[in-house]
Amino acid sequence: MADPTSQSNYLSIATRHLSLEWTLDFLTRTVCGTAVYELDVKGDKVAEVILDTADLVIDNIHVDGRSVEFTLGAEHAVMGSALHIPIPCPAGKGTSVKLAIKYETTTDGTALQWLDKKQTQGGNFPFLFSQCQPIYARSLVPIQDTPSVKFTYNAHVTAVLPILMSAILVSPPSTGPPHDGRKIGQDEVTYIFQQSIPIPSYLLAIASGNLRYRPLPAPKGKDWRSGVWAEEELVDAAEWEFKEDTTKFLEVEEKITVPYRFGVYDLLVLPPSFPYGGMVTLLTGDRTLVDVVLHEITHSWHADACHFWLNEGWTTYVERLLQQILHTPAHRGFSFLIGSKKLYDDLKLYESRPRYQRLQIAFENGENPDDAYSSVPYEKGANFLLHIERTLGGLDVFLPYVKNYVQTFMGKSITTQQWKDHLYAYYREHGTRDNVEALDSIDWHAWLYGEGLTLPVPVEYDVTLAHESNLLADRWNKARTATNLQELFKASDLQELDANQIVVFLERLQSYPALPKHHISFLGSTYSFATTPNAEIRLRFYEVALLDPQSDAAREYAVDAAAWVVGEEIPKGKGEEGRKGVVKGRMKFCRPIFRALYTVDAELALGTYRRHKLAFHPIARNLIEKVRTGGAFMIGS
């Protein structure tokens with residue numbers, strides 16, 4: 001099955017190893033250098049290599065040491081331009097080809113975001129980071145940009161600031177002086193990286209800034225190590241936030257799957273403009289959000305499938321299984337409950353585009369997969385696996401399969417059909433006839449291809465941990481006409497609730513009619529929701545405040561929400577110089593805020609976004625501009 005978002009001829013010739021020699025230029029905001037490819041020929045008489053590119057400037061190309069003429073195809077709005085490279089002597093099946101491309105990136109590329117120093121935590125040095133998922137590696141390097149191709153890589157990267165990549169840092173050592181003891185921001189240092197585990201192109205990653213390293217406690221008997229990287233001003237807080245749990249999470253994951261294979265598990269705290277989960281939003285100072293790391297750790301075992309839901313559905317399912325092992329079964333159910341709110345919101349969002357409500361989407365050739373980005377593959381996928389677990393008879397029956405699934409497919413590109421065939425084969429060999437009949441009873445078509453606003457079958461969760469949250473929300477709903485709120489509600493109401501339970505309380509409030517403006521103001525001040533640094537809670541508070549777009553409360557809090565999402569909020573008691581300047585670039589936060597803002601005050605939403613557009617990552621910008629309200633795009637179409 002050919003990848004509908006790649007123009008490369010990876011079925012005929014595929015990259016085995018990639019060597020990168022780059023220089024990062026923070027003045028021109030470009031990456032320039034050479035990429036050398038070792039390719040395995042899979043077809044007969046292969047006469048050319050076709051690579052995916054987008055917004056790159058190609059200087060020259062050599063094939064097996066010989067200079068060749070190349071052509072760039074017409075630019076496709078989603079897939080970019082196909083780079084056609086002739087092979088002077090057509091290659092036969094089983095042979096190899098060596099290719100070298102000298103090139104540079106441009107400022108139009110989607111994969112890279114270059115931050116001014118004022119956009120960073122320290123404010124003294126610029127910052128660069130990449131995001132290649134799902135199809136943007138082609139704007140960083142000419143590549144076969146498909147998860148069907150996996151390759152090892154090494155890199156020599158030179159810059160005036162410390163560098164990290166999705167590979168093991170060979171030199172200079174992470175435990176040595178920062179930037180190899182040279183002057184940061186002034187002296188060039190070459191960083192050497194090695195990735196010996198084959199990865200898909202979307203996992204190619206780079207970051208550079210005023211970074212510092214802190215090792216995390218090393219577990220006994222393990223051949224891997226872990227640490228955290230962050231800007232100098234954040235690294236101590238990041239170390240404290242993650243040192244208690246990160247290696248513990250890895251150890252527990254190993255117990256239910258297989259040993260960790262990458263040798264190093266480092267966390268990088270990226271600036272908050274990162275679109276998929278900049279960890280600045282996790283630095284709450286109380287470790288209340290550190291469990292979010294479970295999801296990213298789990299991707300080390302589940303990140304290779306051709307179908308997106310297999311990656312994210314499995315990762316979300318296992319992440320919640322770890323919640324049960326680390327905490328209690330109630331925590332697992334509670335996590336599913338929290339996810340269900342996002343799922344049903346997104347199913348409703350795609351009501352006019354029901355194809356995106358499916359787990360398995362047959363993308364058309366050249367269709368942008370980001371158009372379908374939502375919680376559906378995560379949450380619907382995890383619920384599907386939970387349904388399979390329960391249909392088979394519970395964890396005792398399903399957990400051995402989980403391990404076998406990882407052992408069989410880790411590091412391989414598989415389709416949904418291959419996974420299903422493997423599931424059946426496993427229980428035919430290791431299970432009973434009842435197990436196979438249980439699998440037969442599942443409505444596979446409804447789960448994989450079904451559309452609509454609900455799951456194919458009702459899935460119940462342990463809601464024990466939601467009890468107090470729901471009671472408090474019910475109290476607020478019943479008090480909507482009360483005038484003595486000071487007597488009814490105190491800050492101590494939250495004393496026994498953790499951050500996730502507060503999230504559920506606020507989401508429960510959204511299921512009722514909007515509260516009056518005075519109640520929302522009292523809610524925000526009494527519980528400090530209007531000023532909390534916890535982005536998960538602040539988001540839900542603004543969703544409560546903006547619930548009725550026509551209300552006075554929505555009009556007032558829309559201004560606060562707009563300032564918060566672009567980092568222009570002014571802490572109480574401070575003037576203009578007190579602006580925090582932390583943009584909420586994670587799409588989990590910025591997309592719903594802009595969607596709500598647009599329904600309340602379109603002029604405010606558009607003006608705020610346009611003034612701060614460049615503070616958001618190109619991927620986030622694309623999806624914010626495609627925010628739909630009432631079937632229309634926020635900005636254009």
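User: Why is tryptophan 419 called buried?

Analyst: In this predicted model, tryptophan 419 has a relative accessibility of 0%. Buried means under 20%, so tryptophan 419 counts as buried. The residue sits in helix H8, residues 416–430.

User: What makes up the surroundings of tryptophan 419, leaving aside its neighbours within four places in sequence?

Analyst: Contact means heavy atoms within 4.5 Å. By that test tryptophan 419 is in contact with Trp309, Leu310, Trp314, Phe384, Leu385, Ile388, Tyr401, Tyr405, Ile414 and Trp444. Valine 463 is 44 residues from tryptophan 419 in sequence, and their C-alpha atoms are 31 Å apart in space.

User: What does helix H14 pack against, and with which residues?

Analyst: H14 covers residues 517–526, and its buried residues are His519, Ile520, Phe522, Leu523, Gly524 and Thr526. These buried residues pack against H11 (467–478), H12 (485–488), H13 (499–509), H15 (535–545) and H16 (552–565). Just after H14, serine 528 takes a positive phi of about 60 degrees.

User: Let's turn to serine 201. How do you know that serine 201 is buried?

Analyst: Its relative accessibility is 1%. The cut-off for buried is under 20%, so serine 201 counts as buried. Serine 201 lies in the loop between strand S14 (189–200) and strand S15 (206–208).

User: What makes the pair of serine 201 and aspartate 145 a polar contact?

Analyst: The limit for such a pair of N or O atoms is 3.5 Å. The side chains of serine 201 and aspartate 145 are joined at 2.6 Å, so the distance falls within that limit. Not counting residues up to four places away in sequence, serine 201 also touches several other residues, including Cys132, Ala137, Thr146 and Phe151.

User: Which polar contacts does the side chain of glutamine 195 make with backbone atoms?

Analyst: There are two to look at here. A polar atom of the glutamine 195 side chain lies 2.9 Å from the backbone oxygen of serine 166, and a polar atom of that side chain lies 3.1 Å from the backbone nitrogen of isoleucine 197. Glutamine 195 is found in strand S14. At 8% relative accessibility, glutamine 195 counts as buried. Leaving aside neighbours within four places in sequence, its contacts are Thr152, Tyr153, Ser166, Ala167 and Phe262.

User: How do you know that the bond from glutamine 133 to proline 134 is cis?

Analyst: Omega for that peptide bond is near 0 degrees, and the bond is cis. Proline 134 is in the loop between strand S10 (127–130) and strand S11 (150–159). A cis peptide bond also joins serine 171 and proline 172, with omega about -10 degrees. Proline 172 is found in the loop between strand S13 (168–171) and S14.

User: Now the whole chain. How do you know that its radius of gyration agrees with that of a compact globule?

Analyst: With 637 residues, a compact globule would have a radius of gyration near 26 Å, and the chain has 25 Å, so the two agree. The C-alpha trace spans about 85 × 70 × 55 Å along its principal axes. The chain has 19 helices and 20 strands, and 57% of its residues count as buried.

Methods:
Residues numbered from 1 in each chain as written. Predicted model: local features only at pLDDT ≥ 70, side-chain atom pairs only at ≥ 80, totals over all residues. Heavy atoms only, no water. Helix = DSSP H or I, 4+ residues; strand = E, 2+ residues; numbered from the N terminus. Rg over C-alpha atoms; globule rule 2.2 N^0.38 Å. Buried < 20%, exposed > 50% of the residue type's maximum accessible area, 1.4 Å probe, protein only. Polar contact = N/O pair within 3.5 Å; in protein donor to acceptor, adjacent residues only side chain to side chain.
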